Amino acid sequence: MYWLYGIDAVLRITAALLLLFVCIPALAWKRPASFTRLDWFFWNLGIGITLLTLAGQLFTLLNVAATVTYLLLFATIIVLGRAKQAGAPPLRWLAEAYRDAVLFGLRVLDRSAGIRGRATEAIRGGARRLATNFATHRGAFLAWTAVVAVAAATRFYRPFATANLGFSDTYVHLYLMRLLDEGRQVDPAWGPYPRGMHFLLLAIERLTNVDAILLMNFFGAFSGVLLTLAAAYTAQRITRSTTAALLAGLLFATMIGGARQYFALGGSVSSPTAVQARQMLARPYAEMLTDSGEFDVLLTAFQRQTTTLPQELAIVLLLPGALFLVDWLRTRDRWRLTGFIGCSAAIAAIHSGVAVPLVALCAAAAVAVLICQPRSVPSVPSVPSVPSVALVPSVPVRLRDVAYGAGAGALGIAIGSTWMLGYLRYSSMAAKSEAHADANVGANVGGVVLYYFPFLRSFTGDATGEATAYMMLTPFLIAVVVIAILLGIAAIRTREAAALWIALGTMFFVLTHAASVIGIPEIVEVRRNATWLALTIAVLLGVAIAAFTARLPRRAYFAVPALAIVVWLATMPNLFGASMRSRLLDYSGYGSTTYAVLRISQRHEPFTWTLVSYGQEYPMVLGRGFHLNGVDFLEEFDPSESPLRIPTPHVFIAVEKRPHHFQINNWSTRFDRAAVEERLQTWCVLYGMTHNDIRVYLDDENVRIYQIARREGRT
Amino acid sequence: MTALDDLGRRVIHVVGMPKDAWEIAAQLEVLGLRDSDARSGYGSRDLFDLARAIERRFRAGAYGFTVGADDPVPRVIPWVRFTRRYFAGIAFAMPMAMQAASMLLWGYGIWGAIDLELAQGSAIALGFIASYIAAGGFAQAIVRRGLFYIYQQEEGLARWTALRGFGIALRITLALLVPAYLVNLLFGILPWSMVLTASLFYAGLTVLWLSWALLYLVQRTELLAVITAIALAAVIATAKLGGAPPIVANGVGVLVADLLSLGAATFILGRMARKRGNAEPVNPPRLAVLVVSTSRYFVYGVLFNTFLFADRVIAWTTRVGRDDFPPYPFWLNVRYELAMDLALVVVIVMGGVVSYAIERFSEKLIPHEKRTPSSDVETFVHEHFEAHRRRSFQLGIGAVIGLGLAWLLFVSLQQVDNVRLHEALTSPVTIRVFIAAALGYTIFMFAARNVLLLLTLSRIDSAVRCVAYALVADVVVGFICSRAIGYWAAVAGVVAGAIVMCIVAARETRRTLEQLDYSYYAAY
């Protein structure tokens, strides 16, 4: 049954994403001639998320974020776009469109125009174009299909295997979504937060009516697939080679972590001293498994790509955004600049932390473009050491242009950071509110800044209390740096800025990764560095292997990439094995409990039921029924009392047979999860001895859901 | 007799007393004369010169034309005329008033009952609103085109058009259920039990509205009250004597009303056509022609009916401010509906005044125009402006009385010995919505008077513009207020929409009255 829920959710989310970032742009504006389909897609993704964020902020402020509002927004975008292209004022264009529609309707009524014939012709024409395109670009089509299929298979495995939302952060994001439903952009306890992803999710929810729990469980996998697509796109954009795209895409899609891929990014531990960290990291993988938590950097990065988290969505736009800058610097194409601004804004709106690698990549782009100045007479590079880049340098770049680009990026960041205006309101609200008297705005903001920029901690005496995270500088990473240097040199020789840019970017991220080990300032929080590091490594290797292949004889042209893929795939762990399942699935709670919430909300009228559970299900139940956390329930209700003082007709009690290891942070010191679950089980047994309206609603090896159904209950 | 006089007599014979040389020129063109004929046959420079020559000869008495005495004007006592027309004007509210009374006395209306479950009530409300909006455009189109043929004494064609329009309307409105089902299937908006109930009432009420449009077309609106009474009796008998649940009784009521209305309408239409002896239409219009000729009235009907119910849809699709935990995206709120219904008293009271005003305008316009020479246009326009102001003042008095009566009813109902009713009436939401709605409806009736005046002069584009702007204001203001403040604030949309409609309609009416001589000609 859960599979069906999952398929339904995936179809809805896919439809919404296609509508938002493919159909509406196609209806509003013709793709610029200089853009490939993927250029255009990422342009629309960046601009689209920015627009959705700005509109969402306004809609939520007025509490009018509804399906009709979004449809109106899209209609406005389409009308404005079409009118602009037609060179007419929007109202006149609308009037003419209406007139044309009426005339067409009359012709249909008079049988001088047939809808069926036109539809058939359109379908046939579409099929013909598709067949022609497929015949012309069969290789590319198969390569991209393979990349998407592998990425989807690895990313969607977790959400399809369990209803649990993955990382505990996702529960918070679900709660933030529920706040948006109520028209609140600022959480009273935590203050403002970048809501770009939430506004995108809100639009998807409003457009498709997808179940919010399923949306939160599956959307992360979409981010993972888009990340893979971004890696493949970047490699393809740099080299114009489908082979590079295939290599980068498949590499990234199968960067899963585990013992056999531990050689790549190694492990990570939090430790007060470097010596202690080295000792801990020197232990074998199996030993680390027992007591080191999230030590496998690559595995954590992969897990994050299967879970709905804003950082991963923001990273999707990281490489395309920087590429837009590279291209703009070289061509002065305004569309590229707009794309860069849009992607920067979207990144800032979704997750401000990702603005840091964006700045780094932009700096790398500026350096690369300044170094790879065009020759006096623009020409295609003759030395095929690196496959020809997407855009031939045509315009000389000056520092003034770089400054202009930086200004554009800053503008994008400013547009995307409008959520910070919430601090104006929140500061006064928090100051007045007794309930949030402990919400120290300054301390919260400061804590967040120190968390994202660890090098600042030394100035404040480490106010976060975070121990330093130490990462391993593996031989693989050293090899990556060497490859990056070689590629960079080749790129300088052939004046191919994009290739130099990816080489510089990768080196920077490797250095960041190893900052604590080699003793340089940790600019970005290193554990967050892992995903974009993996991304750039995949692109770099894809580009490098493709470049290397281009120098080989024709017969080895396919063999080398194929060999590289096979070698890499040999390191891929068995996702379905017990070890990976235990680490990937049910990370923050049992999926059965979440599934129970889904089933209850599907089968019972809203607000006719109450769920008692350990606590995480609270945001899932909001807007559907009522929730009581286990501790409060045990304190408030006596199993012997009759009738039970919960007024809803149905009461469901989730009891974990094997208490889950995850504990809600601020509760764990007061309540032990195992103790709560045991007491809940006892409560149900005692209740069953004195009442006959309790039954088991759902039961598996981990969780048992009891149902108390009373006739006297009221909604 | 000169050729000029011969021609002049022919012209005067056709047009009677000419208003001016332009009218003579128009008639000369109708007779097929051209400038070259005027030059060669009559020695004039062109047709206009020839027309002026004929007018001069006419004024000189060359054609011996005399104006006959006016028909004797029947002696009418103004207040009797007013009373008769006033009550004829509010007859449309009879079914509504009867249902309200029946609800209070026996707890049942035709499509509602006090004991209905809220889910069923919500489904019926949805079906009611959807049917009203879906049928609105068709009803306007059917009536407009039907009356057009009846005025031309083509009752056979009127019957053919009305029944064909009815058939098309029914097919299209029922076909709309298919996408509605698909949307619900895809998006799971409402439970299927609610959707099916809403669909059944939607279908039944659509037939009812379309049948009532036919009854309006044959000018037998008194039957609406009769049919309502019978249907109410059927509902009460089914529920009280047959012991059927309220929803079934309501279903029976709608079915009875449908059968009676449709039966009566088709019978009267057939009789009308047979009486004239042209039961079979000759050369009926093509579908495209029918659509073109009625499309603007269709749009007007859809917009107008949407305006009437947009605030309910907006209020009942939000959870903001609601303390009853609406479980589904569309959930009826009885207090809101009660307040809006009570505020309708203002509409009923003012409706009679509006009806009287429009009828007086229509009956005075033609004779007034006939006896006014074109050189005296200013007086003609000025007098109508004065009459318009006078009627606005009368409508203002009607508004004061209407508001007073509505308040009186509101207070009186609080004395009724019914706890639920008392609770509902004294709730702050009901009071707020009632006050705002009464105010909104008052303004709306001023706008409606002007819109009807525009429709009387066939200024359908202006009428559509008024209603469209009003609907936009209603939806935007109502939507934002209901979400930002509370569901009950959707009533602000009614107020805003009414104000916008009032302003736009007043502007359009002023423009029309300023060129009333032209508007009159253009209308017919």
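**Exercise 1.** State how many helices and how many strands chain B has.

Solution. The model is predicted, with local features needing pLDDT of at least 70 and side-chain atom pairs counting only at pLDDT 80 or more, while totals for chains, interfaces and linings use all residues. Residues are numbered from 1 along each chain as its sequence is written, and chains are lettered from A, ligands numbered from 1, in the order in which they are written.

**Exercise 2.** Decide whether B:Thr173 is buried or exposed, and list its contacts beyond its neighbours within four places in sequence.

Solution. First, locate the residue: B:Thr173 belongs to helix H8 (residues 155-175) of chain B. Next, apply the cut-offs, by which a residue is buried with 20 or more other C-beta atoms within 10 Å of its own, exposed with 12 or fewer, and partly exposed in between, C-beta atoms being placed from the backbone. B:Thr173 has 22 such atoms within 10 Å and is therefore buried. Finally, taking contact to mean C-beta atoms, placed from the backbone, within 7 Å, its partners are B:Ala134, B:Ala135 and B:Thr206.

**Exercise 3.** Describe the side of chain B that touches chain A.

Solution. Begin with the count: 14 residues of chain B are in contact with 11 residues of chain A.

Definitions and conventions. Two residues are in contact if their C-beta atoms, placed from the backbone, lie within 7 Å. Helices (H or I, at least four residues) and strands (E, at least two) are DSSP runs, numbered from the N terminus.
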